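Here are my notes on the model you sent over. Have it open next to you as you go through the points.

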Amino acid sequence: MQMNQKCKWINAPAEYTMDEAEICIVTEPKTDLWQKTYGGDSADNAPMLLWETCDKTFTFTVKVTYESDGLYDQAGIVLHQDENTWMKASMECEGDIKHLGSVVTNRGFSDWASVDFPKDKKVMWYRMNRKENDFLLEYSEDGHNFSVLRMCHIWDLADTIHIGLYACSPKESSFEAFFTDVKYESKDCVEIS
């Protein structure tokens, strides 16, 4: 899969670069993905670069590199159908730590699960595996040895879904997120577009 192969922006950032090897998103303040749960906040304005697929089984992997001290700054992998149905995995800044976390939003309500990492962690690989409406999210610090981050089910998925990259700054900061080593594999043998 090529980086710029028939992908599309949702909430396109004002500043980004993209070539065959790397995508860089410069985040803007007050951008986020979250729906309702616990605090009642709703946001669906994070920049996302998405590819379309109708494959029912696939693996999608991305390497993400960024450095930021901004509260809740995050960059990672995303599946996005609409504001009520989506999933993301990323590292997120908070004080002296980073949370490696995942959010699943079903029927308009988000959840969040996370583990702590050192604040100086700058690089992480994410892998999304699909089997019908079930998903396995994994992470790796070296791009070879992956660990389970989460298993989940997503309700109400359309026949065609959108997967890709995102970065956002929910508060007042801004940073550069770099995405490389984008890889898509499917046993269904249908090209991602």
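1. By cavity I mean a set of points on a 1 Å grid over the protein atoms alone where a 1.4 Å probe fits but cannot get out, with lining residues having an atom within 4 Å of a point. A search of the whole structure turns up one cavity of 30 Å³ or more.

2. Before going on, some ground rules: this is a predicted model, where local features need pLDDT of at least 70 and side-chain atom pairs pLDDT 80 or more, while totals for chains, interfaces and linings use all residues. Residues are numbered from 1 along each chain as its sequence is written, and side-chain values use heavy atoms, leaving out hydrogens and water.

3. Which strands supply at least two residues each to that lining? They are S9 (85–94) and S10 (97–106), strands being DSSP runs of E, at least two residues, numbered from the N terminus. S10 gives the largest share, four residues. By type, the lining has two nonpolar, five polar and two charged residues; here Ala, Val, Leu, Ile, Met, Phe, Trp, Tyr, Cys and Pro count as nonpolar, Asp, Glu, Lys and Arg as charged, and the others, Gly among them, as polar.

4. On to the cysteines: there are zero disulfides in the whole structure, a disulfide being a pair of cysteine sulfur atoms within 2.5 Å. Cys 152 is in none, and the nearest cysteine sulfur, in Cys 168, is 18 Å away. For Cys 168, the closest cysteine sulfur is that of Cys 93 at 11 Å, too far for a bond. Cys 152 is buried at 13% relative accessible area, and Cys 168 is buried at 0% (buried is under 20%, exposed over 50%, partly exposed in between, with a 1.4 Å probe and protein chains only).

5. Seven strands make an open antiparallel sheet, in the order S2-S3-S17-S7-S13-S14-S15; strands pair if DSSP finds at least two bridges between them. S2 (15–18) and S15 are at the edges with a single partner strand each, so one side of each has no neighbour in the sheet. Four bridges join S2 to S3 (residues 23–26), and Thr 17 has Cys 24 as its bridge partner in S3.

6. Last, take a look at Gly 143, in the loop between S14 (134–140) and S15 (147–153). Gly 143 is partly exposed at 24%. Gly 143 and Lys 63 are 80 residues apart in sequence, yet 7.6 Å apart in space, C-alpha to C-alpha.

Technical notes
On a 1 Å grid over the protein atoms alone, a cavity is a set of points where a 1.4 Å probe fits but cannot get out, and a pocket is an open set with protein on both sides within 12 Å along at least five of seven lines; lining residues have an atom within 4 Å of a point. Grid points are joined across faces, edges and corners, and a volume is the space filled by probe spheres set on the points.
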